[in-house]
Every structure is written in C-alpha cells, then in structure tokens.
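User: Could you walk me through this structure, beginning with the ligand and then moving on to whatever else stands out?

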Amino acid sequence: MSSARPAVVPENLLRPEVLGLHAYHVPPAGGMVKLDAMENPYPLPQVLREEIARVVADAEINRYPDAAASQLKADIRKVSGLPAGMEVLLGNGSDEIIQLLALAVAKPGAVLLSVEPSFVMYRMIATFAGMKYVGVPLAADFSLDLPATLEAIRRERPALVFLAYPNNPTGNLFDAAAIRQVVEAAPGLVVVDEAYYAFARDSFIPHLARYDNLLVMRTFSKLGMAGLRLGFLAGSPAWLEQLEKLRLPYNVGVLPQLVAAKLLQHHDVLLAQAESIKQERTGLLRALTRIEGVHAYPSEANFILFRVAKATQVFEGLKRRGVLIKNLNGGHPALTDCLRVTVGTQQENERFMAALQDTINQ
Ligand SMILES: *Cc1c(COP(=O)(O)O)cnc(C)c1O
C-alpha cells in the first residue's frame with residue numbers, strides 16, 4: 001500500500017448514532033431447550049410438509065419473485081379478515097416494515113414515540129433512521145399510562161407512534177379504549193403492532209376504516225413461520241400506495257411467498273397450534289405462580305414475563321441446565337430482575353419448570 005491517505009476506519013466515517021448502537025444480540029442455542037424467541041415449538045403435520053416440498057420443488061427460483069405477491073396477499077386478506085377497501089403491504093419480517101415506516105417519515109426532527117418497556121426495535125430503528133425517539137413509561141402494572149402518553153403526544157407531536165398489542169416483553173393487552181384515545185389525539189400515524197395476534201383475544205383490524213391515521217402491523221413469525229421472514233402492514237390505500245414506494249421490489253423471495261401462501265391455506269392448522277400454546281400458557285402461568293419467590297405476569301401472548309430475586313443468576317442456572325430463556329435484567333429499570341420465557345411444548349415447559357425449581361432451590 002503506497003497511498004498516503006489516512007486509514008479508513010469506521011469511527012471516522014459512520015454516523016455517531018450508528019457507532020453508539022449495540023447490534024441486536026442473538027445468543028447461540030445449539031442443543032438447548034429454546035424458549036427465548038417466541039417461536040412456535042410444534043412441527044408441521046407430515047402431509048403439509050410434503051405439500052410444501054412439492055411447492056418448493058416446482059418453484060421457479062431462477063426468476064425474480066412476483067413483485068406484487070398477488071396470491072400471498074389474497075391469502076392474507078382472507079385469514080386476517082381485512083375490512084373492505086383496506087390494503088396490505090408485505091415486509092421481510094415486520095421489522096422491515098418498522099424500518100420502512102421510519103424512513104418514510106424521518107424529516108429532520110421527526111419523532112417516533114412508543115411506550116417503555118416495549119419492543120426494543122422501535123428505539124433501535126428510530127435511531128438508525130435518524131429520528132428522535134421518545135419512550136413514555138408504562139404504569140407500574142405495565143398498563144398504558146394514558147395521561148402521560150397523551151401529554152407526550154401533545155409535547156412531541158410524533159410523526160409515528162408504535163403500540164405493541166399485546167405488548168412485548170410484558171405480555172399484556174393495553175386498554176383498547178385508551179389506544180383509541182391515542183389514535184384520536186395523535187397528529188401522525190399510529191401503528192398497532194399485533195405480532196402476537198394469534199394468542200390474543202382482541203385486534204384493531206376491524207377498526208381500520210374508522211381512523212385515517214391507524215395502521216395495523218402483523219407478523220407470521222410467532223405463528224410458526226419465523227424462518228420465512230414475513231410480516232404485513234394493513235391500512236388504507238392512501239397510505240400504503242405511498243409506503244410501497246419505499247419497499248424494495250423483491251423483499252419477499254419466491255420460496256417465502258409460496259410456502260407462506262401454502263401455510264395460510266392451512267391457517268386452521270396453525271391456529272390449532274396457537275390454541276395448544278394458549279392452553280400450555282395457562283398451565284405454565286399456574287406452575288410459575290406456585291413457586292415461592294416468583295412473580296409471574298398474566299399474558300395474552302406466547303410468552304410469560306416473571307420476576308425473581310436474582311434474575312441473572314437464575315438465567316445462568318437455567319442455561320447450565322440446558323434451558324435458554326431471555327434475561328431482561330438491566331435492559332430497562334422497570335424490568336429489573338425480570339425474565340421472559342416463551343411457551344413451549346408440554347415437555348419443554350416441564351423441563352423449564354424442573355430446571356427453574358432446581359436453580360431456585362440450589
Ligand atoms: C417479534 C416481534 C416483531 C418482529 O417480528 P418479525 O419476525 O420481524 O416479523 C415485531 N413486533 C413485536 C412486538 C415483536 O415481538
């Protein structure tokens with residue numbers, strides 16, 4: 001190298017907010033009982049796997065995918081009960097849709113508002129899209145603090161509000177009337193993130209036509225397709241036509257389109273699995289509640305948040321016993337000594353409970 005120019009190093013070139021971010025950490029889980037990422041634990045029925053194998057064998061992977069994804073969108077409309085006149089935009093996971101929304105509204109000084117603790121990607125994406133992030137603390141019982149949220153909306157005038165419904169990592173559904181007040185007060189878009197819709201008893205999809213600033217986002221990751229990477233945004237054509245301009249043309253590949261369409265044609269199979277998960281959730285919550293020193297929170301999702309005396313010690317103890325869950329201790333003051341366990345199969349939940357008992361008794 002003869003050049004006299006100074007070394008090109010990230011510190012000199014990258015935006016300070018990018019340098020300041022921590023990459024989203026995914027721990028290795030080889031050989032563990034994996035209860036950290038809200039995946040559906042059940043395999044697909046053999047007949048359905050064979051149908052998928054045939055669809056994949058015939059797929060034209062030498063061609064670019066259908067950029068409009070017409071078949072898949074039609075299947076999504078059918079299973080999600082979309083009101084007439086509403087449209088769908090597809091994302092490579094719903095994370096990509098959060099990013100697309102942030103890019104679309106990120107004028108200088110634009111604010112993305114959410115509540116805390118909630119899904120960490122709202123803050124991360126706001127930061128790297130160049131938006132100002134505002135997190136309004138939830139009440140002590142993790143319900144929406146409506147006066148504080150409305151006050152923050154008046155003060156910050158957010159271009160974008162995200163509310164996870166049910167919320168991750170707390171597992172509760174916020175009060176629907178409170179969310180409607182947020183939608184009515186917000187000067188910008190409000191996105192209700194229904195990642196856990198399959199496990200919850202309510203949805204905002206039926207309200208879409210009532211508000212000009214409401215969008216509903218869903219993912220199929222938690223329903224059993226985490227590996228496919230597919231999410232969608234539902235709302236009025238006026239918004240989605242604009243947002244489509246930011247979607248990279250082939251963001252959902254040929255194989256995810258075909259396989260997801262096939263699975264959605266068997267949506268009943270996935271919903272039956274979700275039903276089993278909900279039953280397991282009831283048992284798991286009861287079992288957690290019985291352990292002295294454990295405070296478990298009720299959940300409308302496929303995971304349970306619980307508090308212990310020394311979360312990091314319990315987390316490490318579980319890991320040594322071959323069970324991986326999520327340690328939330330240190331992430332947010334309201335989550336001190338909190339852990340989050342994904343609801344697994346009956347056998348996985350039993351292994352988790354045995355390991356937890358063992359760790360706590362130690
Ligand atoms: C998991 C999750 C998502 C993102 O899911 P994708 O796998 O990117 O589709 C979005 N929002 C919430 C609240 C989540 O928990």
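Predicted model: local features only at pLDDT ≥ 70, side-chain atom pairs only at ≥ 80, totals over all residues.

User: Good, then which residues are closest to the ligand, and how many surround it?

Analyst: The ligand is surrounded by 13 residues, and the closest are Asp-193, Tyr-196, Thr-219, Ser-221 and Lys-222. Sorted by class, that shell is made up of 4 nonpolar, 5 polar and 4 charged residues.

User: What does the side chain of Asp-193 do there, in terms of distance to a nitrogen atom of the ligand?

Analyst: An N or O atom in the Asp-193 side chain lies 2.5 Å from a nitrogen atom of the ligand. As for cover, the ligand taken alone exposes 380 Å², and the protein buries 93% of that area.

User: And which backbone atoms lie by a ligand oxygen?

Analyst: A backbone N or O atom of Ser-94 is 2.6 Å from an oxygen atom of the ligand, and a polar backbone atom of Asp-95 is 3.1 Å from a ligand oxygen.

User: Where does Ser-94 sit, and what is that helix like?

Analyst: Helix 5 covers residues 94-105, so Ser-94 belongs to this helix by the DSSP assignment. Helix 5 has 12 residues and spans 17 Å from its first C-alpha to its last, which is close to the 16 Å expected at 1.5 Å a residue.

User: Which of its residues are buried?

Analyst: In helix 5 the buried residues are Ser-94, Ile-97, Ile-98, Leu-100, Leu-101, Ala-102 and Val-105. As a general point, an α-helix has 3.6 residues a turn, so residues three or four places apart point the same way.

User: Back to Lys-222, what does UniProt say about it?

Analyst: The unreviewed UniProt entry annotates Lys-222 as "modified residue: N6-(pyridoxal phosphate)lysine". In the model, Lys-222 is placed in the loop between strand 7 (214-219) and strand 8 (231-235).

User: Is Lys-222 buried or exposed, and why do you call it that?

Analyst: Lys-222 counts as buried because its relative accessible area is 14%, and the cut-off for buried is under 20%.

User: What about a domain, which residues does the record list?

Analyst: UniProt, again in an unreviewed entry, lists residues 32-356 for "domain: Aminotransferase class I/classII large". Over residues 32-356 the chain is 40% helix and 17% strand, and the end C-alpha atoms are 15 Å apart.

User: How about Asp-268, buried or exposed?

Analyst: Asp-268 is exposed, because its relative accessible area is 53% and the cut-off for exposed is over 50%.

User: Then how far is Asp-268 from Glu-151 in space?

Analyst: Their C-alpha atoms are 42 Å apart, for a separation of 117 residues in sequence. Glu-151 is in helix 7 (residues 146-156) and is partly exposed, with a relative accessible area of 36%.

User: Last one, what is the phi of Met-38 and of Ala-69?

Analyst: Met-38 has a positive phi of about 55° although it is not a glycine, and Ala-69 has a positive phi near 45°. Met-38 is in the loop between strand 1 (33-34) and helix 3 (46-57) and is buried at 4% relative accessibility, while Ala-69 is in the loop between helix 3 and helix 4 (70-80) and is buried at 3%.

Technical notes: Residues numbered from 1 in each chain as written. Heavy atoms only, no water. Near = heavy atom within 4 Å. Polar contact = N/O pair within 3.5 Å; in protein donor to acceptor, adjacent residues only side chain to side chain. Areas by Shrake-Rupley, 256 points an atom, 1.4 Å probe, with all protein chains shown as cover. Nonpolar A, V, L, I, M, F, W, Y, C, P; charged D, E, K, R; others polar. UniProt positions renumbered as here; feature names shortened; annotations may be inferred. Helix = DSSP H or I, 4+ residues; strand = E, 2+ residues; numbered from the N terminus. Expected span 1.5 Å × (residues − 1). Buried < 20%, exposed > 50% of the residue type's maximum accessible area, 1.4 Å probe, protein only.
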